[in-house]
Amino acid sequence: MQAPQERHRPGALKQQNKSHKHGRHRSKGSLDKVNKGKVAAKTITKSNRRELRREERRNQAAQVRSKKREEAFAQKRQIGTARTPPILVAIISLSRDVDPIVARDKLQQGDPDTITTVSGEGHVHMSVPRLKQRFSLYAPQPDDLNSALDILKIADSVLFVLSVTGEYIDEEGETLLQAAFSQGLPTPVVTATDLGDLPIKKRNEVKQNMQKVFSKWLPEEKVSQLDTEMDAQVILRRLGVQKRKIIAQRENRAHLVADEVQFTPGSEIGFGTLKVTGYIRGKPLDVNGLVHISGWGDFQMSQLDAPEDPHPLILNAARLEGSDSKMEDSSDRLLEQADPQRQESLLSENLPDPMDAEQTWPTLEELEEAEDKMKKKKVLKKVPKGTSEYQAAWIPDSDGESVDDEDGSEEEEDLMEDAVSEEASQYEDSEADDMESVTMSEAPDSSKYDKDLDIEEEKKALAKIKDARMDQMFPDEIDTPQDVPARVRFQKYRGLKSFRTSPWDVKEELPLDYARIFQFENFANTRKKILLSEDRPGSLPGWYVTVHVKNVPEKLYLGRESGCPTVLIGLLPHERKMSVLNVVLKRSTIGNQEPLKSKEPLIFHLGFRRFLVNPIFSQHTNGSKHKYERYFQPESITVATFFAPIMFPPASCLVFKPNSDGTESLVATGSLLSVDPDRVILKRTVLSGHPMKVNKRSATVRFMFFNRDDVTWFKPVELKTKYGRRGHIKEPLGTHGHMKCVFDGQLKSQDTVMLYLYKRVFPKWTYDPTVPEAKAAEMEITELQ
């Protein structure tokens with residue numbers, strides 16, 4: 001009988017594979033089965049809240065989405081109705097061949113039931129019963145750039161009008177488009193008038209060419225036609241239902257476009273009260289706050305009145321005829337009156353205390369201690385008669401004896417201002433006999449073309465272009481002066497081991513102007529607290545009010561041009577006070593392409609402000625220190641720093657350069673970067689030398705300095721070369737500035753030795769809020785000529 005076969009039994013070394021761990025990927029149902037009703041201790045200690053299941057979460061998300069959709073639809077239906085201000089439409093022509101008034105008149109004639117009223121400032125208000133909406137039409141002149149930009153800052157929609165003859169968009173139109181895109185473009189609509197006057201066969205071709213030209217600015221916008229009543233109705237309906245673009249700098253502040261402007265002289269000669277009437281838009285307007293009038297300045301308000309709205313949604317003929325008499329008989333209702341205790345002050349500068357930095361007289365012990373530190377040792381050597389200082393330097397030091405220097409060091413005295421002026425004057429007097437004055441004779445005008453040519457202006461422009469090109473090719477490199485010692489010329493500079501990591505005290509040697517400004521302890525928190533505040537007091541948006549602005553100069557009211565809109569903007573807290581603003585800029589691709597020199601006067605359109613200032617430029621980097629830029633080169637990005645009133649970002653920025661003929665050229669666009677007086681801007685100066693004799697680890701360098709004392713003075717500063725070598729000055733050679741330098745490797749004969757020096761620079765107080773209009777400046781120049 002056969003024995004039964006033994007069954008294999010696993011031993012102790014059998015491989016046991018780990019089971020798959022689902023971890024957090026397991027479903028909630030499987031976890032419930034594993035836990036079997038067990039609840040963690042943390043869940044028990046928490047408040048009683050039930051976790052939603054999948055279907056419940058989906059229902060909750062659907063409810064939130066439906067609620068937001070209903071709120072958006074309700075807000076969209078309210079646009080232009082009786083409860084909200086009329087839809088503000090800016091009609092902008094992009095060519096001198098097109099009159100925006102023609103497009104405005106065609107929009108008025110689009111619907112026979114439309115009721116049109118004209119305000120005291122000449123703006124047209126339309127009430128369209130068919131659409132149940134109101135429109136306010138503003139049409140600035142094509143040659144008035146500032147008026148167009150002021151209207152575009154607060155407009156709800158913009159209607160661009162193209163020309164069908166000649167250039168569809170001329171050079172001024174392109175400048176206006178680039179400026180409008182940079183400062184925040186409202187919801188656009190593009191149209192063309194007088195297309196019906198062209199032959200039928202050419203209309204399609206012209207319209208396609210227009211679309212092709214304008215597509216590089218707004219590719220998604222289609223060019224529509226505005227010739228017939230049906231075209232006007234289509235455009236009005238499109239203006240009423242299109243999605244509104246949210247522009248932060250407009251929505252965060254209360255603003256108002258004047259329908260009526262009146263001036264009442266006050267008790268003080270030359271000043272009075274300006275009454276501005278219009279619809280409040282954006283945020284509520286607080287009577288205790290400050291307002292800014294574009295091109296005029298900042299002012300306080302005395303009260304707010306509520307007159308009857310002369311532009312209601314639906315007007316019948318009887319009410320329209322009797323509206324004027326009713327407005328004359330009825331008096332305005334007082335809404336709010338300013339409280340002197342709560343009203344914000346017009347103070348813009350801090351009053352510095354001259355005794356704030358007062359220092360007590362040092363004690364005798366402190367004076368003796370400082371004197372001991374200043375004392376240095378000299379070495380007296382016995383040398384043959386007639387031995388020069390250079391020859392005495394080769395005699396061993398053991399031959400001399402050490403004595404105390406009671407008079408101090410001459411190198412330390414060179415840091416004083418008196419010593420600088422005396423030493424510089426000595427060098428100037430010593431070489432005064434070698435200098436002679438040469439007068440350059442200009443070539444006589446020989447053609448009609450030269451009559452309008454300013455030779456001096458051409459020479460300055462050529463020299464400026466050459467300097468900018470040299471600065472671009474050899475950044476910050478300058479020739480060491482030979483008439484003044486380098487230790488005197490660059491005594492305010494210092495060397496840095498590393499530009500990125502070396503420390504620099506932000507409060508060190510600040511100018512006196514920094515005592516006049518204001519600074520935030522935490523600017524980001526202050527901005528967040530002000531902009532995100534929901535409970536702002538004041539009159540609500542949509543109200544038709546009369547703002548009484550007090551202490552307005554009468555010359556501003558008498559000097560305003562007809563057709564220029566009066567825009568009133570409510571300021572946020574602290575936006576009147578002065579500080580240091582940093583604006584990141586990019587050069588414009590059209591217009592003037594000349595390099596801009598630092599500290600050159602420029603016109604800034606920063607947010608809702610317009611002012612003249614001389615900025616300094618620096619690199620746009622992330623470090624704690626930023627290199628000063630002598631020129632703002634074309635096709636580059638830089639940061640402009642200047643003194644100006646505080647403004648909370650986001651805020652757009654446009655930079656214009658005033659020309660000699662009174663016009664302005666757009667040179668840069670950008671936005672507000674920060675309000676930070678602690679931004680360290682370092683001006684770099686590079687002194688270059690050339691290796692004369694190269695050894696394995698050392699080299700003899702010349703042409704960096706021209707006397708022995710300068711070599712000794714700059715001995716602690718590290719040297720760098722254009723090929724990446726690092727080293728330091730070991731000792732001077734001779735008396736003509738030659739020096740022996742040691743490097744971390746052998747130099748190449750074509751290498752250049754560089755010595756980097758840094759000095760902090762600050763902006764100058766050149767803020768001027770009164771910017772003359774282009775026409776007024778042109779008239780002044782003409783009168784002077």
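Leaving aside residues up to four places away in sequence, Lys283 touches Glu251, Asn252, Arg253, Ala254, Arg536 and Pro541; a contact here means heavy atoms within 4.5 Å. The structure is a predicted model, in which local features need pLDDT of at least 70 and side-chain atom pairs count only at pLDDT 80 or more, while totals for chains, interfaces and linings use all residues. Residues are numbered from 1 along each chain as its sequence is written, and side-chain values use heavy atoms, with hydrogens and water left out.

Lys283 is found in the loop between β10 and β11 (290–293). With a relative accessible area of 28%, Lys283 is partly exposed. Buried means under 20% relative accessible area, exposed means over 50%, and partly exposed lies in between (1.4 Å probe, protein chains only). Lys283 and Ser539 are 256 residues apart in sequence, but their C-alpha atoms are 8.7 Å apart in space.

The protein has 21 helices and 34 strands. These are DSSP runs numbered from the N terminus, with helices (H or I) of at least four residues and strands (E) of at least two. Of the 785 residues in the protein, 41% are buried. Among contacts between residues at least 6 apart in sequence, 77% join residues at least 24 apart.

A search of the whole structure finds 18 aromatic pairs. Rings of Phe, Tyr and Trp (its six-membered ring) pair if their centres lie within 6.5 Å; planes under 30 degrees apart count as stacked, over 60 as edge-to-face and the rest as tilted. Two of these pairs are described here.

| Pair | Centre to centre | Angle between planes | Type |
|---|---|---|---|
| Tyr279 and Tyr544 | 4.8 Å | 65° | edge-to-face |
| Phe523 and Phe648 | 5.7 Å | 10° | stacked |

Tyr279 lies in strand β10 (residues 271–279) and Tyr544 in strand β17 (residues 544–553), so this pair ties together parts 265 residues apart in sequence. Tyr279 is buried at 2% relative accessibility, and Tyr544 is buried at 9%. In the other pair, Phe523 belongs to helix α18 (residues 523–531) and Phe648 to the loop between β26 (637–645) and β27 (652–658), so parts 125 residues apart in sequence are tied together. Both Phe523 and Phe648 are buried.

Ring pairs also link Tyr514, Phe643, Phe762 and Trp765 into a cluster. The charged end of Arg516 sits over the ring of Trp765, 3.8 Å from its centre. Likewise, the charged end of Arg587 sits over the ring of Phe632, 5.5 Å from its centre. A charge sits over a ring if NZ of Lys or CZ of Arg is within 6 Å of the ring centre and within 35 degrees of the ring normal.

In soluble globular proteins, nonpolar side chains tend to be buried together. A nonpolar core is a set of buried Ala, Val, Leu, Ile, Met, Phe, Trp, Tyr and Cys residues joined through side-chain atoms within 4.5 Å. The largest nonpolar core has 79 residues, and those with the most contacts inside it are Ile92, Phe214, Leu585, Phe604, Leu606 and Phe642. Neighbours within four places in sequence aside, Ile92 is in contact with residues including Pro140, Ala148, Leu152 and Val158.
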